[in-house]
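My notes follow in the order I made them.

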Amino acid sequence: MVSAIIVVLAACGGKDEGGSSSGEDGKTSIDKLSIGFVPSREPEEIITATEPLKDLLKEEMSAQGYEIGEIDITVGTNYEAVGEALSAGTTDIGLIPGGTYVLYDDGAEAVLTATRAGLSIESDDAKEWNDNKPTEDSDEQTTSYRALIIAGPSAKGQELSEKVNNGEELTWDDVNSASWAVMSSSSPAGYIYPALWLDENYGNTITDLDNVVKSDSYGSSFARLAAGQIDVMVAYADARRDNEDQWQDEFGGEGTIWDETNVIGVTPAIYNDTVSVSKNSEIMDDDLKAAIQQAFINIGESEEGQEVISIYNHEGYQEADPADYDNERDAQEMVQSLN
């Protein structure tokens, strides 16, 4: 009888599919929780900055009733790689932009939306961004941001900047005569919304430009811009603030990033990044999703947590509503139809 009882108890404490099990303390044990980040910054920089997230998340998940054995953090080779990993169930959690989420929402679910500090400039007018630079933080929190079309120190970049700062409208020939750097096609600030800006202003899109290169990170784009290898790049509105030191120290800029770059275009507001979970992960269920939501909200409210998530300019999180990204879905459909 004793042997039979031991066998029954062992079975009750055994692992479920996906590496989860119930412990003696009543908490659910998970062998590994995997998190994927998109490469909006240099991958090594993201890995280093997010290392403390492992212990913070373990602690917060423990408070939610989950004991996590290992947290694996990776940076995708591109935005699509993270979306595909979420869809396949090989990554449990992804910190991805809205554009990536809506492309992969068959296999990914947005559970949180990031909040971040607003900027001192929110105008649709490119000249105002140049007249009032450098861009600074504001005291307001926001759930959206803008993408900017940024011209660099090359002769063509300066020519376009001068026209904008003189109050002149750029023509299609102007923008098409420049060489551009963009991000992957699911990046809202690095592709989708700049493509919409081109369509709204010129009836053309990124695929219609004569000279376009794809960058693997915004840092790569800034390095090309500083070196004069490209004339124009696209990025989220505070990207210059994030790369201010690197512009001269690493990218070879002769002056400051504010002196050598100008905004020549401003897109409509873009809804903030998501914390999304995989619908196809073997360990994911409603209870785990709720725990992940609360854990990230708590991390965003702590000083140490805010330091970690600042790598993406996140300052906190609020529960996401998939309907918040309906405009993003419309944008994706338009870009796909244009292509």
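I sorted the lining of the second largest cavity by class and got 6 nonpolar, 3 polar and 4 charged residues. The model is a predicted one. I put the space in this second largest cavity at about 90 Å³. Its lining has 13 residues, and closest to the centre I found Leu119, Glu122, Ser144, Tyr145 and Arg146. Strand S5 gives the most, with 4 residues.

Next I counted the cavities of 30 Å³ or more and came to 3. The largest cavity holds about 160 Å³ of space. I listed 16 residues in its lining, and those nearest its centre are Ser40, Arg116, Tyr218, Tyr236 and Asp273. By class, the lining of the largest cavity divides into 10 nonpolar, 3 polar and 3 charged residues.

Last, I turned to helix H13. This helix covers residues 286-301, 16 residues in total. From first C-alpha to last I noted a reach of 23 Å, close to the 22 Å expected at 1.5 Å a residue. At its start, a side-chain oxygen of aspartate 285 comes to within 3.2 Å of the backbone nitrogen of aspartate 287. I also asked which residues of H13 are buried. I wrote down Leu288, Lys289, Ala291, Ile292, Gln293, Ala295, Phe296, Ile297, Ile299 and Gly300.

Key. Residues are numbered from 1 along each chain as its sequence is written. This is a predicted model: local features need pLDDT of at least 70, side-chain atom pairs count only at pLDDT 80 or more; totals for chains, interfaces and linings use all residues. Side-chain values use heavy atoms; hydrogens and water are left out. Helices (H or I, at least four residues) and strands (E, at least two) are DSSP runs, numbered from the N terminus. The expected span of a helix is 1.5 Å times one less than its number of residues. Buried means under 20% relative accessible area, exposed over 50%, partly exposed in between (1.4 Å probe, protein chains only). A polar contact is a pair of N or O atoms within 3.5 Å; within protein, one must be able to donate a hydrogen and the other to accept it, and residues adjacent in sequence count only if both atoms are side-chain atoms. On a 1 Å grid over the protein atoms alone, a cavity is a set of points where a 1.4 Å probe fits but cannot get out, and a pocket is an open set with protein on both sides within 12 Å along at least five of seven lines; lining residues have an atom within 4 Å of a point. Grid points are joined across faces, edges and corners, and a volume is the space filled by probe spheres set on the points. Ala, Val, Leu, Ile, Met, Phe, Trp, Tyr, Cys and Pro count as nonpolar, Asp, Glu, Lys and Arg as charged, and the others, Gly among them, as polar.
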